[in-house]
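Please consult the sequence and coordinates shown below.

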Amino acid sequence: VWALASALMGVFGLFLDWGQGAWSLVLFARAYAKGDAEEMRRIGGFYIKTTLLLYVCIGLPLFIAAGYIGSVIYHRPDLGNYVRLLIVASAAVSGWALVTIILQVVRRVWLLVITETADQMLKTAGMLVGLFAGFGVGGIAAGQLFGSAASFLAALAFYRKFVQHSGVVPHI
């Protein structure tokens with residue numbers, strides 16, 4: 001069931017990522033090289049607006065239709081509930097991705113390694129807690145969601161403490 005939920009979320013993910021991470025990395029790097037703080041703020045704002053628009057216009061309908069789609073494709077109406085949690089987790093990962101993009105641009109590799117390691121540990125720990133607490137597939141999906149949200153909050157905290165004060169990168 002978890003494999004089916006992950007597969008369906010993988011298909012949904014194709015519609016929720018239009019390359020905003022890749023183009024943001026290139027544009028952030030160019031603006032950072034020029035020392036253009038205003039341009040970096042505009043790029044960050046555009047990334048956030050684009051991602052929010054994708055999740056509102058595409059993610060929300062997928063969230064609503066997840067049960068129906070899971071039922072039609074896999075004959076599992078309960079699959080939609082798990083996929084819904086993964087859609088919300090995907091939104092949290094989008095915020096984490098923006099922070100990691102900026103960390104790459106400002107060459108804070110040590111912080112990027114810590115952030116990415118913490119991300120994997122938090123998501124895995126959340127999934128394992130959900131599983132071993134006896135909540136089944138729903139617990140795994142909820143653990144992924146909580147781990148993704150915790151990872152995003154940790155990345156924001158690291159960003160504020162170690163990067164934001166440089167004056168060139170966008171403020172939260």
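Is H75 buried or exposed? With a relative accessible area of 65%, H75 is exposed, where exposed means over 50%, buried under 20% and partly exposed in between (1.4 Å probe, protein chains only). The model is predicted: local features need pLDDT of at least 70, side-chain atom pairs count only at pLDDT 80 or more, and totals for chains, interfaces and linings use all residues. Residues are numbered from 1 along each chain as its sequence is written, and side-chain values use heavy atoms, with hydrogens and water left out.

Most residues other than glycine have a negative phi.

| Residue | Phi | Place | Relative accessible area |

Helices here are DSSP runs (H or I, at least four residues), numbered from the N terminus.

**Helix α4**

Helix α4 comprises residues 79-105. Its 27 residues should span 39 Å at 1.5 Å a residue, and the end C-alpha atoms are 38 Å apart, which agrees; the expected span is 1.5 Å times one less than the number of residues. Of the 27 residues of α4, 20 are buried, and the helix is mostly covered. S94 lies in α4 and counts as buried at 11% relative accessibility. Leaving aside neighbours within four places in sequence, S94 is in contact (heavy atoms within 4.5 Å) with Y47, T51 and Y55.

**Helix packing**

Two packed helices are described by the angle between their axes and the distance between the axes. Axes are lines fitted to C-alpha atoms, for helices over the stretch in contact, and angles run from 0 to 180 degrees between N-to-C directions. Helix α2 (residues 20-34) packs against α4 at about 35°, with the axes 9 Å apart. On the α2 side the contact is made by G21, S24, L25, F28, A29 and Y32, and on the α4 side by L98, I101, I102, Q104 and V105. By class, these residues are eight nonpolar, three polar and no charged. Nonpolar covers Ala, Val, Leu, Ile, Met, Phe, Trp, Tyr, Cys and Pro, charged covers Asp, Glu, Lys and Arg, and the others, Gly among them, are polar.

Helix α1 (residues 2-16) and α3 cross at roughly 145°, their axes coming within 10 Å. Residues of α1 in this contact include L4, F12 and L16, which meet a set in α3 that includes L54, I58 and I73. The contact of α1 with α3 holds 14 nonpolar, two polar and no charged residues.

**Nonpolar cores**

A nonpolar core is a set of buried Ala, Val, Leu, Ile, Met, Phe, Trp, Tyr and Cys residues joined through side-chain atoms within 4.5 Å. The largest has 18 residues, of which F28, L98, V99, I102, L103, Y159 and V163 touch the most other members. At least two residues of this core come from each of α2, α3, α4 and α5, and α4 gives the most, with seven. Apart from this core lies another, of 15 residues, including L8, Y55, V137 and A141. Within the largest core, V99 is one of the residues that touch the most other members; beyond neighbours within four places in sequence, V99 is in contact with A155, L156 and Y159.
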